Amino acid sequence: MWGGRLSLPPPPPPTSTPPGPPRWADGSDLTASGPDGAAAGLAAAPPAEGTGRADGGGGGRTSLPRTTYAYPDGVFQHLPARVDLDLAPASVYADAVAVYIDDRLDRRSDGRVTILIDTRSGHGWSNMNAFDSLPYIQEATRVLGEIHPERLERCVICPVPAICHTLWEAVRPFMSRETADKIVLVSGPAGKDDPMPAELGRHLPPELVERLEEQRRRVMARESGGDGRRSGGDGGAGGTPP
């Protein structure tokens, strides 16, 4: 029997702050979403080997630029022109996009997913050259097809310049047949100010295409000083698709 109240010593102070969830470049976490369930970006990722890019003194993680936006009815918009290979290798971006999409899949539903990979360059973006962008898109579509093959309805790559059709056909045999059969190429010029080709309307409703276009314009407006020069990072903006 204790002669009085049992007094326990206070717990020792924590030795370090527990790590938080993966972060977007704007400071929001991986699972953050807007009022309509839309959010965007890539998770923080380890710095790329040999890039010499610092992470601001934290010594651990680098915030990658936003590249992916979620919309209702299982539609995702991916902007590979925002991928900066000086920050992380292509495989890190591809895996992060897959994680982002996987996080937003309703486990109670067997709804299908449509992914639009918008290949156009953008004002103030990193704008990979064609020799880097094709292998990256190939890696991204491979990962997306393997994560949830039964959920991927189709992956629309648009717009695709004519010369890239030949290059794509050269890499298609190296993909699984199941994934390759779900990829749709839509022809068209892919410059910064080129509009989406009308043929995209065969795969997505016009009102959604306009919404995707508006989000792309918003991202460019945040990062461009009007002449296409980069104004620096995501600027802390936490906007989501309207």
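The following dialogue goes through a predicted model and asks on what grounds its features are named.

User: What should I know about the numbering and the values before we start?

Analyst: Residues are numbered from 1 along each chain as its sequence is written. The model is predicted, with local features needing pLDDT of at least 70 and side-chain atom pairs counting only at pLDDT 80 or more, while totals for chains, interfaces and linings use all residues, and side-chain values use heavy atoms, leaving out hydrogens and water.

User: Why are S1 and S5 called edge strands?

Analyst: Strands here are DSSP runs of E with at least two residues, and helices are runs of H or I with at least four, both numbered from the N terminus; two strands pair if DSSP finds at least two bridges between them. The open sheet has five strands in the order S1-S2-S3-S4-S5, with mixed pairing. Strand S1 (68–71) and strand S5 (183–187) each pair on one side only, and they are therefore its edge strands. From one strand to the next, the twist averages 20 degrees.

User: How do you know that S3 and S4 pair?

Analyst: Strand S3 (residues 113–118) and strand S4 (residues 152–160) run parallel and are joined by six bridges, and since the definition asks for at least two, they count as paired. Within this pair, Ile115 stands opposite Cys155 in S4.

User: What makes H5 a helix of the expected span?

Analyst: The expected span is 1.5 Å times one less than the number of residues. Helix H5 (residues 206–223) has 18 residues and reaches 26 Å from its first C-alpha to its last, close to the 26 Å expected.

User: Which residues of H5 are buried, and why can they be said to lie on the same side?

Analyst: Buried means under 20% relative accessible area, exposed means over 50%, and partly exposed lies in between (1.4 Å probe, protein chains only). The buried residues of H5 are Leu208, Val209, Leu212, Glu213, Gln215, Arg216, Val219, Met220 and Glu223. They cover an arc of only 160 degrees around the axis, taken from the directions from the helix axis to the C-beta atoms, and so they are on the same side of H5. These buried residues pack against S1, S2 and S3, where contact means heavy atoms within 4.5 Å, whereas the face turned away from the buried side carries the exposed residues Pro206, Glu207 and Ala221.

User: What makes a group of residues a nonpolar core?

Analyst: A nonpolar core is a set of buried Ala, Val, Leu, Ile, Met, Phe, Trp, Tyr and Cys residues joined through side-chain atoms within 4.5 Å. The largest one has 33 residues, of which Ile115, Tyr136, Ile157 and Trp168 touch the most other members. Apart from it lies another core, of 18 residues, among them Tyr69, Val209, Val219 and Met220.

Definitions and conventions:
Axes fitted to C-alpha atoms, helices over the stretch in contact; angles between N-to-C directions.
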